[in-house]
Amino acid sequence: MDMDKIKRRKPLISSSIKSTDLQEVKSDYKSFCCCANCMILHILAVLVLLFILPAPIEPRPFHFSTEDCPIFSGCLSVNDRLKKSERLFENEIVGPEALTLDNEGSVYTGLADGRLIRLSKDLSSFYNVTWTGNHRQVDCGSEKTENQCGRPLGMQFHHRLKHLLYIADSSIGLVSYNTKTTELKVLLRSGSEVSGSPIIFLNDLVVLRNDTIIISQSSCKYTRAENRYEVLEGKANGRLLYYNLLDDSYGVLLDELYFSNGICLSFDESSVLVVETTRARIFKYHLMGNHAGETEMFVDNLPGLPDNISPSSTGGYWVGIAAVRTSALEFMARTPIFRKFLSKWLFMVTLLEMVLPQHSMILELSANGTIVQSLHDYGGDVTRATSHVLDLGDKLLIGSYSAPFLLNLQL
């Protein structure tokens with residue numbers, strides 16, 4: 001074989017690389033490894049710190065119901081009916097959580113900055129009625145100033161003295177407003193104690209014909225600004241209270257409720273329906289008869305976390321849904337250690353809300369608690385959550401605890 005005819009292959013690595021270049025490569029590699037190790041150590045340190053730091057909550061595992069989460073079929077089939085809603089007063093108002101009517105048919109609602117507003121009859125404008133808190137010395141509208149500015153939630157006019165509006169303000173307490181004299185009066189101040197626990201986070205109310213006000217207290221441990229702690233903890237910190245307008249007495253009707261939220265008087269006025277948000281259910285509390293003072297389940301295993309409940313024009317009830325139940329929500333319910341971790345870094349909850357699929361919904365229930373129909377906005381194109389439905393016959397006004405608008409849905 002002629003060795004001279006064999007072509008020599010070029011070396012894969014150029015022989016021109018100098019020793020100084022190799023030293024620089026080794027130096028860069030060491031720097032990279034050092035940075036990577038530092039980053040890993042920092043991440044480990046943060047994780048260790050998160051597990052060492054005490055959590056602000058003491059969660060326990062729970063299940064929404066003994067049944068599986070309802071399947072979105074039949075009357076729960078996903079549709080686009082809620083997407084047809086029109087946004088009113090967009091970016092002019094924030095958080096119209098609850099709605100009520102006066103004797104002239106005007107709509108009232110409370111906002112996140114402590115304002116009470118009245119809408120015009122044609123829903124083209126609104127009027128600032130009053131503020132439940134001190135709005136002159138602080139910048140209202142954030143959770144940091146909520147205790148000073150107030151946060152009006154559930155409200156209802158007196159059945160006989162129609163100029164008196166009663167408001168459950170989660171920061172101020174039970175408040176009355178006189179539409180004739182414009183007098184604002186605190187009847188039951190937040191921070192007062194009853195049965196050894198503070199009166200905080202009042203949420204909704206109904207005014208009975210015997211001049212008793214039934215009030216839901218979502219938590220006697222956390223304020224409304226801390227409501228995520230209440231949800232993540234998942235304990236029975238809620239109560240049902242009463243206030244007697246005749247002698248100013250007050251007390252506890254029920255305790256150990258799971259985020260007691262919206263309440264509504266039954267059509268025969270023999271009972272009130274009470275929402276337990278973190279258990280996805282609504283129960284009935286009897287006011288009269290042989291079962292007075294007793295409770296029974298009205299509807300269980302709802303497809304989302306219910307907020308407020310209000311009468312429908314068909315003789316049933318509307319329920320706003322704060323969050324639709326998903327596999328992620330079911331996992332969180334069963335995994336207290338995960339909820340404990342989230343409570344240390346609440347911004348993670350916000351990130352999860354942004355990443356998870358958006359799905360808003362309202363439900364109509366029959367008079368006996370059966371789901372009749374559901375209206376959906378899958379994708380959250382119009383709204384991400386609902387709180388209250390005011391049925392005006394030909395239209396629905398739909399509130400939200402955080403949205404910068406009010407929804408108007410023509411029927």
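## Rings, strands and a buried asparagine

The charged end of Arg279 lies over the Tyr258 ring, 3.7 Å from the ring's centre. (A charge sits over a ring if NZ of Lys or CZ of Arg is within 6 Å of the ring centre and within 35 degrees of the ring normal.) Before we dig in: this is a predicted model, where local features need pLDDT of at least 70 and side-chain atom pairs count only at pLDDT 80 or more, while totals for chains, interfaces and linings use all residues. Residues are numbered from 1 along each chain as its sequence is written, and side-chain values use heavy atoms, with hydrogens and water left out.

**Exercise 1.** Classify the ring pairs Phe62 and Phe64, and Tyr243 and Tyr250.

*Step 1.* Grab the rule: rings of Phe, Tyr and Trp (its six-membered ring) pair if their centres lie within 6.5 Å; planes under 30 degrees apart are stacked, over 60 edge-to-face, and the rest tilted.

*Step 2.* For Phe62 and Phe64, the centres are 5.6 Å apart and the planes make 90°, an edge-to-face pair.

*Step 3.* Tyr243 and Tyr250 have centres 6.5 Å apart and planes at 10°, so this pair is stacked.

*Step 4.* Now check accessibility (buried is under 20% relative accessible area, exposed over 50%, partly exposed in between, with a 1.4 Å probe and protein chains only). Phe62 has 8% and is buried; Phe64, with 5%, is buried too. Tyr243 is buried at 2%, but Tyr250 is partly exposed at 34%.

**Exercise 2.** Work out how the sheet with strands E1, E26, E25 and E24 is put together.

*Step 1.* Strands are DSSP runs of E, at least two residues, numbered from the N terminus; two of them pair if DSSP finds at least two bridges between them.

*Step 2.* The order is E1-E26-E25-E24, giving an open sheet with antiparallel pairing.

*Step 3.* Strand E1 (86-88) and strand E24 (388-391) are the edges, each pairing on one side only.

*Step 4.* Zoom in on E24: four bridges join it to strand E25 (residues 395-399). Leu390 stands opposite Leu397 in E25.

**Exercise 3.** Describe the surroundings of Asn203.

*Step 1.* Asn203 belongs to strand E12 (residues 202-207) and is buried, at 4% relative accessibility.

*Step 2.* Look for polar contacts (N or O atoms within 3.5 Å; within protein, one must be able to donate a hydrogen and the other to accept it, and residues adjacent in sequence count only if both atoms are side-chain atoms). The Asn203 side chain makes one with the side chain of Ser218 at 2.9 Å, and another with that of Asn261 at 3.2 Å.

*Step 3.* Leaving aside neighbours within four places in sequence, Asn203 has contacts (heavy atoms within 4.5 Å) that include Glu97, Leu153 and Phe259.
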